[in-house]
Amino acid sequence: MSAKAISEQTGKEFLYKYICTTAAMQNRFCCATVTADTDWDRLTQDHPWLLTERLVVKPDQLIKRRGKLGLVAVDLNLEGVQEWLKSNLMTEITIGKAKGILKNFLIEPFVPHLQEEEFYVCVYTSREGSHVLFHHEGGVDVGDVDTKAQRLLVGIDEKLTEDMVTQQLLVHVTDEKKEVLASFIVGLFNLYEDLYFTYLEINPLVVTKEGVYILDMAAKIDATADYICKPKWGDVVFPPPFGREAYPEEAYIADLDAKSGASLKLTLLNPRGRIWTMVAGGGASVVYSDTICDLGGVDELANYGEYSGAPSEQQTYDYAKTILSLMTNEKHPDGKVLIIGGSIANFTNVAATFKGIVRAIKDYQGPLKEHEVTIFVRRGGPNYQEGLRVMGEVGKTTGIPIHVFGTETHMTAIVGMALGHRPIPNQPPVAAHTANFLLNTSASAATPARTRNTSFCEHKLSTSVTDGMTPTAGVPRVTWSATAMFNAVVKAKATTLFSRQTKAIVWGMQTRAVQGMMDFDYVCSREEPSVVAMIYPFTGDHKQKFYWGHKEILLPVYKNMADAMKKHPDVDVLINFASLRSAFDSTMETMQYPQIHTIAIIAEGIPEALTRKLIKTSDEKGVTIIGPATVGGIKPGCFKIGNTDGVFEGVAIGGDRFPGSTFMEHVLRYQDTPGVKMIVVLGEIGGTEEYNICQGIADGRITKPVVCWCIGTCATMFSSEVQFGHAGACANQASETAVAKNQALREAGAFVPNSFDELGDVIKFVYDDLVAKGIIVPAQEVPPPTVPMDYSWARELGLIRKPASFMTSICDERGQELIYAGMPITEVFKEEMGLGGVLGLLWFQRRLPRYACHFIEMCLMVTADHGPAVSGAHNTIVCARAGKDLVSSLTSGLLTIGDRFGGALDAAAKQFSKAFDSGLLPMEFVNKMKKDGVLIMGIGHRVKSINNPDMRVQILKDFVKQHFPSTQLLDYALEVEKITTSKKPNLILNVDGFIGVAFVDLLRTCGGFTRDEADEFVEIGTLNGIFVLGRSIGFIGHYLDQKRLKQGLYRHPWDDISYVLPEHMSM
C-alpha cells in the first residue's frame, strides 16, 4: 500500500523538524498526546508549557471536519482540558457510517488571531506533478477550495520558487504577508517532496506578526518510500481509519508481509462477522469482497485480505492460522463460513499453499467444528488438482464440511453457495489417486445456474453492439489528462508492442518466468525464442540453461546492461524483474538505449515519486512502460511477458496509482489496430483514468465496443476506508469510487455488467454479436505442439518417482523456521541448550541431559589448542604464512589429524571398550598389547607425567566423577594407567584417551542410547569429531594470529635439517 494517512502529530513533527524556511515557525514541537493511560504528572514534566499556556484539545484519529463536529475545544487552561476530556475521552461516537471510540487526543497551545490571518494551503500529487493550492481565507468555513483556491502545478523534477508562489498563488494576499507566506510555501513544498508526502493540507495556516502557526494539518505519505526515508521518518505508526480498531493480528500479518517476497494482507472489518475470506490474489480479493457485499453480506463480512505472490507453505500456514484463530474467538448463532477463493494462479504452486492451509485446518479442527464453520474452496492454477484433492481429504478426515471446486466453477460462484443464494452441487467423490486428479473434471461439476432476478443478457439482448456504443446524454465531461492525449504532447510511441519477431532481454535471474515465456514461444511455433539474453549484475558473464521444447539451449547472462544491448541490437523489449529498490535505476538505465521501445516493470512498491519520473522520461523518449506492479502482457502467437494470458493482446498496466502507461493509451492503440474488434477493460477503485475512456467514447475517438468493469464496488458500503489490492487502491473522492466510474462508463455507452459475476456474460454477448455480424470471423484452432512437463512438476503431481540422491535426518531448512532433529531453532534458544545441546541434536539426534551437554562443551574447550608446536597448528601456521586463505590453512592443519595426532579418541575408545567388554583384566590388557606390538592409544604424553599431571584431564575427571551415573570404562582405564605409569611416569591417560573412554561411559549410561547405538557412534568416528571441532578453534586462532602479526613466508632453516644423501650420489 502506498499513500497512507499519518496522525496530525506525526505530520507536524516531520514539518517542525525538517522544514527549511525563513518564516518564523511558532510553537515548534508543542504537541502533547493524551490517551486513557496518560500520566498527567509525567506529561506536564515533559511539556511544561501545558501549565502556563491557554490550550486547544482535539482528537487525533484521522477525523475530518472536527470543528464542525464539535470535537475541538479552544482557549482552555489545563484543568479545563482535563474536564473536557472527562466527557469525551473513551466515548463512542458516530461520524457518517463510522462508529468509533475517541481514544487519542492532541493538546496544543491556543493561538489568538484574527479571521483575516487565516489561510488555506494544500499540496497533492497527480500523474503530471505536484499541485499546490492556496486560498487567502482559511478555517472551518473555507468551503469548496477546489473551485475557490489559486492553484499551481509543479512539474516532475521542477523546482518551486518564491516568485512563482507570489505571482500565481498570493494574488489576494496583502503585501506585508507575501514574503513570509512565499518562503513558507516553498519550504513546505520542498519538505513534501523530500519526505515523500502524497498529500498535505494545512487549514488554517495562521500568519501573525510573530510568525507562522500550523493549527490543523492532515497528511499522507508514500509508505513504499520507507527504505529511502527511514532515517528521517523513523518508525512511523500508521493509525487505522476512524471506526476501525488496530488489531495485533493485522500487525503480525504486516510483519510477515514485510519479511516475505510474497504479498500478505489483512484488514479486520468486523471480528464478530460470520463471513471470513482467505483469497489468493490482490484483484481476486477485491472481487470476492464485491460479490459478498453485492449479495447482502456487507454487515457480516469479517475481514478483507489476500495472500499471493507464491508464498511458501509455512507462510500460508501462518496466514491461515491467524484467520482461523480470529474466526473461532466468538460463536455466531448461524455458524460461520470461510471462503478460500482465487482465480487461476499464474505461477503459485496451489498444492504447496493449500498444504499450509490444510495444516492450519488440522490444528484448528476442534474450534472449527465447535463454531460450526463451513468452508468453500475454489481455485485454479499450477498443480491445483492436487491442492483441491488434499483440501477435500482434510474435510473427510476432520469432519469439517469443506466444499471444493476447480476451474469448472465460476470464480465467485462459491460466494452465492456460502450465503445460501445458490445450491451447492452434489459432486461425486473423486478417488484419491493420480489418474483422477490429473484429469479435467469439468464434465462432472457444472457451474450452478444463477439465481439473480435479472442479468445483463436478459436486458441487453435486444440491443446490438453498435447501438450499445452510442453515447447517451448527460455523460460527465472529463478533461483528458496530458498523458492520455499522448499523441499530441509526447514523443510518438510504438503502436505495436509485440510481434512474432519481438526479442526481449530479462533483467534479473527469473529462470521460471523465462522458461514460461520460452514454452509459450514454442507452443506458438515461433522459429526462435523471444528471450535472447538476461542481465544479472551480481555475477559475471555466463550462460544459463533453458529448454526449447525438448532441446536444451544456453542463454547468455550479462553483468552489464551495455554489453547486453551492444551484442543484441535487435532487442526492443526489456522485462525488468529488479526489486523495488533497484527497479527505478535499472529502468532509467534501460531508457538510455534507443533500441528499447517497451519496458515491463514487475516490482510492486516503487515509490510514486520515482514512478512519475519514469513516466516523464518514458514520454520524452517514446518508450511504453507496462507496470510497475504488473504481471505482464501477452500477444497470442507472438510474445508473452511473465505469466499472463489473453486473446488478441492483453496488458496488465499494473496496480500502482500511477501506472507507466494508462488505460487510454492502450485503448487508443487497440482502437487504431485493425485486428482488434472489441476491447475489454478491467479497472478498479481509485483514480480517474476510466473517465478518459468515457470521454473518448463520447467524442467518437473510440468506436469499437468496450466492455468495462471497475472492481471495488464494496468500498462505498464499508463504514471506514479500506485500501484494496497490492497497491492499496482507495477512492480519494466520490468520483473515484468504482460505483461512480461504472455508472459513468455505462452512461457513456460502454458495456458494463451489473456485477463482476456477469462480466463473462457481457463479453460473450458482445463477441457473439460481432460474430453474427461477420465483424469477427472465428479462426480455426491449430493444435499446438506439446511442451514436455518439467521433471519437478511431474514429481509434484505424482506422475513419476525417483530415489532421492541424498537422505538427511538431522536438519530441515525448508520451512519458515530452521529445524534441528525435529526441534525448531527458536526452541533451541528458548531452552538455552547451548553448543553442547546443538551438537547432541545434530550428531546424535537426541536431547542429551544437561550434564552431557556441559561435558561436550568442556571437551571442546580443553581440545581447542595445544600450542604452535604440534603438527596441526604448525601446518596451519606454515600455510597461513604462505599467503593462503583461512579455509586452506585450516584444512592443512586438519589433514594431520590421525592416530598419532588427535585421532586417538576413537582408537582409545575402541581399544579400551574391546578389552573391558572381553573381560580382560587391566594387566592382561597391557600384556596382550605389548605381546602384539601395538601401542595403547590414549596412553602417554610427551611432557606431562604422573608427577606433572595434565590439568585438562584433572578438570574433566572431577566433572565426570561428580555427574556421570556410571564410569566403568573410565575406572578400567585408570587401572591401566597405574600399570603403565609404574613402568614409565609419562605413560599417563592423556586427554585424548580420557575423552574417549569417558564418552563411551556417557553414551552407554546416560539413558538415551541402546548399547548397539552407543557402539555404532564410536565405530563411525564420532569421538574424533570432538577433537576436530575443538582443535579447529585453535587452528583458526593461529591463522588469525599469523595474519595479524604480518608474518612472512616461512622457510625452514638449513641447520635444522640433516642432509643424508646416498654416498654414490655425492660429488
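**Entry 1: lining of the second largest pocket**

I looked up the lining of the second largest pocket by class and found 15 nonpolar, 10 polar and 9 charged residues. Here Ala, Val, Leu, Ile, Met, Phe, Trp, Tyr, Cys and Pro count as nonpolar, Asp, Glu, Lys and Arg as charged, and the others, Gly among them, as polar. The model is a predicted one, in which local features need pLDDT of at least 70, side-chain atom pairs count only at pLDDT 80 or more, and totals for chains, interfaces and linings use all residues. Residues are numbered from 1 along each chain as its sequence is written, and side-chain values use heavy atoms, with hydrogens and water left out.

I then noted the volume of this second largest pocket, about 1,200 Å³. A pocket is an open set of points on a 1 Å grid over the protein atoms alone, where a 1.4 Å probe fits, with protein on both sides within 12 Å along at least five of seven lines; lining residues have an atom within 4 Å of a point. Grid points are joined across faces, edges and corners, and the volume is the space filled by probe spheres set on the points.

Of the 34 lining residues, I found Ile939, Gly940, His941, Arg942 and Asn990 closest to the centre of the pocket. The largest share of the lining, 3 residues, comes from α34.

**Entry 2: the open sheet**

I traced an open sheet of 7 strands with mixed pairing, in the order β22-β23-β21-β20-β24-β25-β26. Strands (E, at least two residues) and helices (H or I, at least four) are DSSP runs, numbered from the N terminus. Strands β22 (542-548) and β26 (624-626) stand at the edges, each with a single partner strand, so one side of each has no neighbour in the sheet.

I followed β22 to β23 (residues 551-558), and the two pair in the antiparallel sense over 7 bridges. Two strands pair if DSSP finds at least two bridges between them. Gln544 has Leu555 in β23 as its bridge partner.

**Entry 3: Asp290**

I located Asp290 in helix α9 (residues 282-294). Is Asp290 buried or exposed? Asp290 counts as buried because its relative accessibility is 4%; buried means under 20% relative accessible area, exposed over 50% and partly exposed in between (1.4 Å probe, protein chains only). Leaving aside neighbours within four places in sequence, I found Asp290 in contact (heavy atoms within 4.5 Å) with Ile711, Gly712, Thr713 and Cys714.

**Entry 4: the whole protein**

I recorded that 52% of the 1067 residues count as buried.
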